[in-house]
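Work through the exercises below with the sequence and the coordinates at hand. Each task is followed by a solution in steps.

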Amino acid sequence: MKMQKKEIVAMILAGGQGSRLREITDKIAKPAVPFGGKFRIIDFTLSNCSNSEIDTVGILTQYQPLELNSHIGIGSSWDLDRNFGGVKILPPYFDKEGSRFYMGTANAIYENMNFIDAYNPDYVLILSGDHIYKMDYQKMLNTHKEKHADLTISVIEVPWDEASRFGLLSADENDMIFEFQEKPDEPKSNLASMGIYIFSWPVLRACLIEDHNSQDSSSDFGKDIIPKMVEGHHKVYAYRFSGYWRDVGTVESLWESNMDLLGLNNELNLHDKSWRNYSVNPISPPQYISPFGRVEGSIVNEGCVIEGHVIKSVISTDVHVGRNSVVQNTIVMPNTNIEDDVQIDYAIILSDITVKSGTVVKGTRDHITVYPSEGGENHE
Amino acid sequence: MNDVMGIINLSESEEQIKDLTLGRSLGALHIFGRYRIIDFQLSNMVNSGLSNVAIFTYGKSHSIMLHVGSGKHWGLDRKRDGLYIFYPEINSEDNIRRLGDLENYRNHLDYLQNSTQKYVLLSRSYMLCNIDYKDVVQHHRNSGSDVTIVYKTIEKSYDRFPNCDTLTLDDQNRVIGIGKNLGKEERYNVSMEMYVMKRERLIKIIESAIQRGDARFLKEAIFQRLPELKVNAYRFNGYLSCIQTINNYFETNMELLNTQLCEELFNKYGPIYTKVMDAPSTYYSEDSYVSNSLVANGCIIEGKVENSIIHRDVRIKKGAVVRNSILLPYVTVSEATNLNYVILDKHATITPRKMLFGDQSNPFVIKKNMVL
């Protein structure tokens, strides 16, 4: 039998609940949260794979997967519908030993070793489905190969005063990592892990089996696998990335990252045709700005009808903004109808709802209001 | 609707819109910000449940080819039936390329013979509307006629349908004459050039026209045989526009700056599908001013835009003023430029400090790739 193989397989961790996104993730997984007018968060990672010519991708789902699954489909939106490879959704499953939910990030990969083995890859790329960035993974893979590394971790320099929020790595002059600290109080480094790892597959495979057999492990890459590899005899290197990269794990960071798109020279530059960010395109007519409508410093997507005043906001597909309504500093998610005479400031308006005439939604720069919110302002 | 197949005939008169069809066929012309003209017929057919659709091209077909591809965006990439595209070719028997589209049908008669559907629906791309063909075919079946022609009754607007076919009907809605609209009557029935008949009937018409040599165009062949047939008419009452002149193209785009009409044309019997381009959302800068305009994705707007249609990936820079104009994809309008009643074709670039003024009845056309 002819044995086909892939040099590298990407695995995207997309099962997290994202509870710090409050009501936004009540019904959808974090990677499926709408972003930037026409995208969902996972589109960035999937587009990176596609643009980096990585055509074999497993997506590990667990929490509220319905919308995520229907968004991804057979992957054709990202050119990932391939004869050999392509995108596969990998939910937890049942076998003769019983059913097991994914207990940790490493455990999720362990449970899908047979998926990876089917492609007989040399390398496995571990990714998160909830980061906003553009990155060529082939460059990182080249570094991994040049250094004959067992593991390469993509890192980014963060300001020293914010460093204690991240998993930090200390590297020598050859970028070899000798220390790993998970969210330390006193940071020894300002190189933060971006949660992007390239492993040589035989090494990772052995580590996963060892981890599975140990009693006291939480089966997490950041807490268990990587510290053990750094301490042990493995060659672990850092790959330095510079450019736009955001973890949009909280309401405020999601809001801020959306607002970063509102500028002509924003770092993410979604208008770059050499690195298109792909998504499922809506079947909607162009946007219509009526004679009463005003749009300033904002992005608006197809299918919208703007009859009110939109300032410094991100308006997603098929949104209607009624007359005399003012929407500012706000993200409006798809298919929502904002009636006439509505005032919205510093908010995230969820999808598929009607905001009744006369409604006032006011948040602040430091506390973005999610509307509608069932549990009140402090619901986490 | 499993027993109906659709044909879109692209041999259309382009004489009065030729500035916009130099490198493309009329069906591939951009319209309403994100569509091409052929999208409407393809979507109408798909929304009515047809799954065997053929496009008979008539020259300059590469843009149609690039646009429709496998038919995937219309759900026509099927194992069984799906989308077919046929090109005119030189007859291999006598190495002569004949005038007229009938030759194209003759060369691909196999396709018609091998299709399994009982009925065929013939149409053009340039009659823009959102129509339910299920109802047309039902009407045809109930009427027991040989051919059904779709028409719309027009009052007092000669300009919008110049030289279109007109139908003279008796009180039973039977077609008793077919003429040309010269603008001599206030009220007339314009033929929408959509015909329903049995597939066998169409094959017979093509074969006999070739046998007798009395027609070069399919439409000509059908019309010549109408006296022998029972021909019925189906009345359409929705929005209709015929894009065969520059003025009509301009007027039709402008008419869509009306949300009710948008809703009808883009949604009435199903959505209008088109090839997706993955452009990001459009950015409106803080200095921009946009009013009463239809804008597609991928644009960056820093200037002033009024009563205009802006296609994908257009850039309008600071201090530019665009009024009553249609900008096709990838157009760049530079700083301090003033445009009024202008159609800018794809990839056109207007350099800084230019003034271009057309007129409502005579919009100024800047051709594809031009730098001014």
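The model is predicted, so local features need pLDDT of at least 70 and side-chain atom pairs count only at pLDDT 80 or more, while totals for chains, interfaces and linings use all residues. Residues are numbered from 1 along each chain as its sequence is written, chains are lettered from A and ligands numbered from 1 in the order in which they are written, and side-chain values use heavy atoms, with hydrogens and water left out.

**Exercise 1.** Describe the contact between chain A and chain B.

Step 1. With contact taken as heavy atoms within 4.5 Å, 38 residues of chain A touch 40 residues of chain B.

Step 2. About 3100 Å² is buried between the two chains, and carbon and sulfur atoms give 54% of this area. Buried area is the accessible area (1.4 Å probe) that two parts lose on being put together, summed over both. Of the area that chain A buries against chain B, 19% comes from A:His271, A:Pro286 and A:Tyr288, more than from any other three residues.

Step 3. Between chain A and chain B there are 23 residue pairs in polar contact, both residues at pLDDT 80 or more. A polar contact is a pair of N or O atoms within 3.5 Å; within protein, one must be able to donate a hydrogen and the other to accept it, and residues adjacent in sequence count only if both atoms are side-chain atoms. On the side of chain A that touches chain B, β16 (287-289), β17 (294-296) and β18 (298-300) of chain A each supply at least two residues. Strands are DSSP runs (E, at least two residues), helices likewise (H or I, at least four), numbered from the N terminus.

Step 4. β16(A) pairs with β16 (residues 293-295) of chain B in the antiparallel sense over 3 bridges; pairing requires at least two bridges found by DSSP. A:Ile289 has B:Ser293 as its bridge partner in β16(B).

**Exercise 2.** Which order do the strands of the open sheet in chain B have?

Step 1. The 5 strands run β15-β18-β21-β24-β27, with parallel pairing.

Step 2. β15 (289-291) and β27 (355-357) of chain B are at the edges with a single partner strand each, so one side of each has no neighbour in the sheet.
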